[in-house]
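User: Hi, I have a structure open here and would like to go through it with you. Could you help me read it?

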Amino acid sequence: MHELSIAMSIVDLAAEQAAKHEALEIEEIELDIGCLSGVEMDSFDFAWRQAVKRTILENAIRKVNRIEGKAHCLECGCNFDMHHLYDSCPDCNSHFSEILSGKELKVRSLVLPD
Amino acid sequence: MCATCGCGPSSHDHQDHEHGHDHSHQNGKGKKVIDVEQDILHENNLLAERNRGFFEGRNILAINLVSSPGSGKTSLLERTLTDLKGELEFAVIEGDQQTANDADRIHATGTKVTQINTGKGCHLDAHMVLHAVQGMKLKADSVLFIENVGNLVCPAMFDLGEKERAVVISVTEGEDKPLKYPDMFHSSTLCIINKTDLLPYVKFDVEKAKEYARKVNPSLEIIELSCTSGEGMQLWYDWLKSKVLTPA
């Protein structure tokens, strides 16, 4: 249940930004969560509801961009869609690959009332 | 209030840490949009790099031991600490939700040990390790084992500042563990297959387990051993010694 730690880190990060901009509430938060990031979305949704209670994010609309996994094969050089960390290159079947996207775990933006 | 990282007994603010700059603009509806673009694990990663720098500066080899509960992490440590006593200098950080049972077992080998109880927490993070290390007076040119909470999922995401991450599985588990919990195997540098003395009694296909692990992480080193019979322990000790840098 590391999703709870992650949700709580987001609350801390958002509170820090809100304080910096002297905002008393956050209307919207946009997150990038890659499909290979190791975050289970059902657990995350559950953790989120608990983590935002009585915080600056309690009433915020949450937008999540799920970034698809993409990898670069280090054997044959092709790029391919990676759905699981154990997926091999569809062209040469090699497992030596570099992940290009899908590991994202970040707060992209916040919308504050003016 | 902690002088090093700024955390207090009731707050965990890190206002002294720089979190980069951000940009804001109006979205046309009278609202302010802040482009944050910040990694959610940023704070953990900063503290992990701080730990890493400390370890490197003192030539301390930090190894994060991860596994599901009951794979034999503590038994592996007990035997290693006893067998290599006098050859290498060791210290141990034990992570468990509750009790100091594991720390007591390590203490009995005569090794310096600190227990972290995470309470309801399912993993160690860099912040906990930072504070544990502050109280330990670690010696230069030593090996620090950080035994994580028994959990094959959550600890994968939290860098502690270690140099090596060793994942332990045992033959009483399923050989498809690497496929079921790929994040942990993907982020590890060494995989130890423990309890090989039980192979005659269980349906565990070692070759399949190795194949699955290498599917997730082709550069993963794999060592098969049994801390009960001692078989394969020398391979582990050789690996360990090869990672210890001789002081200049």
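User: Let's start with A:Ser94: is it buried or exposed?
Analyst: This is a predicted model, and in it A:Ser94 has a relative accessible area of 10%, which is under the 20% cut-off, so A:Ser94 counts as buried.

User: Where does A:Ser94 sit in the chain?
Analyst: A:Ser94 lies in a loop of chain A, the one between strand 4 (79-81) and strand 5 (97-101).

User: And which residues does A:Ser94 touch?
Analyst: Leaving aside residues up to four places away in sequence, A:Ser94 touches A:Cys73, A:Glu75, A:Ser88 and A:Cys89.

User: New topic: how many residues are in the largest nonpolar core?
Analyst: That core has 31 residues, and those with the most contacts inside it include A:Ile6, A:Phe44, A:Trp48 and A:Leu57. At least two residues each come from helix 1 (2-20), strand 1 (28-34), helix 2 (41-51) and strand 6 (105-113) of chain A, and also from strand 2 (31-39) of chain B.

User: Which element gives the largest share?
Analyst: Helix 1 of chain A does, with seven residues of this core. Another core, of 26 residues, lies apart from it and has B:Phe145 and B:Trp236 among its members.

User: What does A:Leu57 touch?
Analyst: Again not counting residues up to four places away in sequence, its partners are A:Ile10, A:Val11, A:Ala14, A:Ile26, A:Ile29, A:Trp48 and A:Val52.

User: Last one: what is the mean pLDDT of chain B?
Analyst: The mean is 91, and 89% of the residues of chain B reach 70 or more. Over residues 10-20 of chain B, however, the pLDDT is below 50, although this stretch has 24 contacts in the model beyond near neighbours in sequence.

Conventions. Residues numbered from 1 in each chain as written. Chains lettered and ligands numbered in written order. Predicted model: local features only at pLDDT ≥ 70, side-chain atom pairs only at ≥ 80, totals over all residues. Heavy atoms only, no water. Core = buried A, V, L, I, M, F, W, Y, C linked by side-chain atoms within 4.5 Å. Buried < 20%, exposed > 50% of the residue type's maximum accessible area, 1.4 Å probe, protein only. Helix = DSSP H or I, 4+ residues; strand = E, 2+ residues; numbered from the N terminus. Contact = heavy atoms within 4.5 Å. pLDDT = per-residue confidence, 0-100.
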